[in-house]
Amino acid sequence: MLPEKLANKIHQRKTENALRTLGTSLPLTDFSSNDYLGFSKSEQLFNAAHAYLAANNIKHNGAAGSRLLSGNHSLYPKLEHMLSEFHNSEAALIFNSGYDANIGLFSSLPQRGDVVLYDEHIHASIRDGISMSHAKAYKFKHNNLTHLGELLKRYQQSDTIYVVTESVFSMDGDSPDLVQLSNLCKTYQAYLIIDEAHAIGILGNNGSGLVQATGLEQHVFARLVTYGKALGCHGAAVLGSKALKQYLINFSRSFIYTTALPPHSLAAIQAAYQELPSHIKRAQLHENIKHFKKDHFGCASLMMTRN
Ligand SMILES: Cc1ncc(COP(=O)(O)O)c(C=O)c1O
């Protein structure tokens, strides 16, 4: 039996017809997942990941510890080097998931006396991370740079200001004006962090994301890319300076106190990146988005390619 307060919360969910339950996936046409390019079901990618493991003479599954202890498999530095080159970033640091990465970033970066300004539609993982920090946080209206500008002005005396948003919002498929956003942050010397979870694989040259598409790599303090969406596997990376990477390795608790991803997860990420440049389904996806927006539901978030 649950304690009464918890049972009441479940009861309330039921009466509001909002109870969450787990289902198994059925062989239906997929209009709801984040598998935008169909990578998660690709046998070719599965085989490519296995071939990569074989080429590196890896014949085991285990990660066996935190990356700071025994879990930093030899594939990690290789993959992080590839990521920093692909994303034109000084450094990359792999986390176990996008949720872990956001929790780790936002609980460790903002300090007491700092302020975080975040888009009101920002992902739960960022909100959760912020709530674990000692900084004050204020939301700005969705994609509204005028409102953000007012807040930046109001809090400009804070020690450090962080601004965080997403480059593509999952529910509406819309994006902020990154160039103007970056200029605004420069004016107030604010540190800009962009979550590219829904842009990676989809936008920019070779699916490298919206920050690269707008040439803002050197103007963004940190980028988050996740691998559970268009790349069809699991994990995430924070892209930024070597100094940021060093800081996160030392202070990001969701990086430090967890078992590292196993080699086959790293091989799956590697295989998905190898597939990105040539991937024909990206063009098909953009056609589908246009089609749904124009002819059917007027809804940008219906982004699907698989039949
Ligand atoms: C914007 C955004 N950031 C982070 C995450 C978390 O990523 P992951 O699924 O890898 O934990 C999600 C997942 O829904 C997301 O939409």
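Analyst: Happy to. A polar contact here is a pair of N or O atoms within 3.5 Å; within protein, one atom must be able to donate a hydrogen and the other to accept it, and residues adjacent in sequence count only if both atoms are side-chain atoms. The model is predicted, so local features need pLDDT of at least 70 and side-chain atom pairs count only at pLDDT 80 or more, while totals for chains, interfaces and linings use all residues. Residues are numbered from 1 along each chain as its sequence is written, and side-chain values use heavy atoms, without hydrogens or water.

Let's begin with Asp119, whose side chain makes a polar contact of 2.9 Å with the side chain of His142. The Asp119 side chain also reaches a backbone group, coming to 2.8 Å from the nitrogen of His121. You will find Asp119 in strand E2, which covers residues 115-119; strands (E, at least two residues) and helices (H or I, at least four) are DSSP runs, numbered from the N terminus. Asp119 counts as buried because its relative accessibility is 0%, where buried means under 20% relative accessible area, exposed over 50% and partly exposed in between, with a 1.4 Å probe and protein chains only. Leaving out neighbours within four places in sequence, Asp119 is in contact (heavy atoms within 4.5 Å) with Phe140, Lys141, His142, Asn143, Val164, Thr165 and Phe169.

Next, turn to Asn102, another side chain in a polar contact. Its partner is the side chain of Asp195, at 3.1 Å. Asn102 sits in helix H4, residues 98-108, and counts as buried because its relative accessible area is 2%. The burial extends through H4, where nine of the eleven residues are buried; among them are Gly98, Ala101, Ile103, Leu105 and Phe106. At the start of H4, a side-chain oxygen of Ser97 comes to within 3.3 Å of the backbone nitrogen of Tyr99. Beyond residues up to four places away in sequence, Asn102 touches Ser107, Ser125, Ile126, Gly129, Asp195 and Leu224.

Asn102 and Asp195 also belong to the ligand surroundings. The residues with a heavy atom within 4 Å of the ligand are Ser97, Gly98, Tyr99, Asn102, His123, Ser125, Glu166, Asp195, Ala197, His198, Thr226 and Lys229. An N or O atom of the Asp195 side chain is 2.6 Å from a nitrogen atom of the ligand. The side chain of His198 has an N or O atom 2.7 Å from a ligand oxygen, and Tyr99 brings a backbone N or O atom to 2.8 Å from an oxygen of the ligand.

Ser254 is one of the residues lining the largest cavity, together with Ser66, Arg67, Ile94, Phe95, Asn96, Phe255, Thr258, Thr259 and Ala260. A cavity is a set of points, on a 1 Å grid over the protein atoms alone, where a 1.4 Å probe fits but cannot get out, and lining residues have an atom within 4 Å of a point. Strand E1 (91-95) and helix H10 (253-256) are the elements that give two or more residues to this lining.

Ser66, also in that lining, lies in the loop between helix H2 (43-55) and helix H3 (75-86). With a relative accessibility of 10%, Ser66 counts as buried. A polar atom of its side chain lies 3.1 Å from the backbone nitrogen of Leu68. Apart from neighbours within four places in sequence, Ser66 meets Gly71, Asn72, Phe255, Ile256, Thr258, Thr259 and Ala260.

The loop between H2 and H3 holds Asn57 as well. Asn57 is exposed, at 57% relative accessibility, and its phi is near 60°, a positive value in a residue other than glycine. Gln189, in the loop between helix H7 (178-187) and strand E5 (191-195), likewise has a positive phi, about 55°, without being a glycine. Gln189 is exposed too, at 67%.

Conventions: On a 1 Å grid over the protein atoms alone, a cavity is a set of points where a 1.4 Å probe fits but cannot get out, and a pocket is an open set with protein on both sides within 12 Å along at least five of seven lines; lining residues have an atom within 4 Å of a point.
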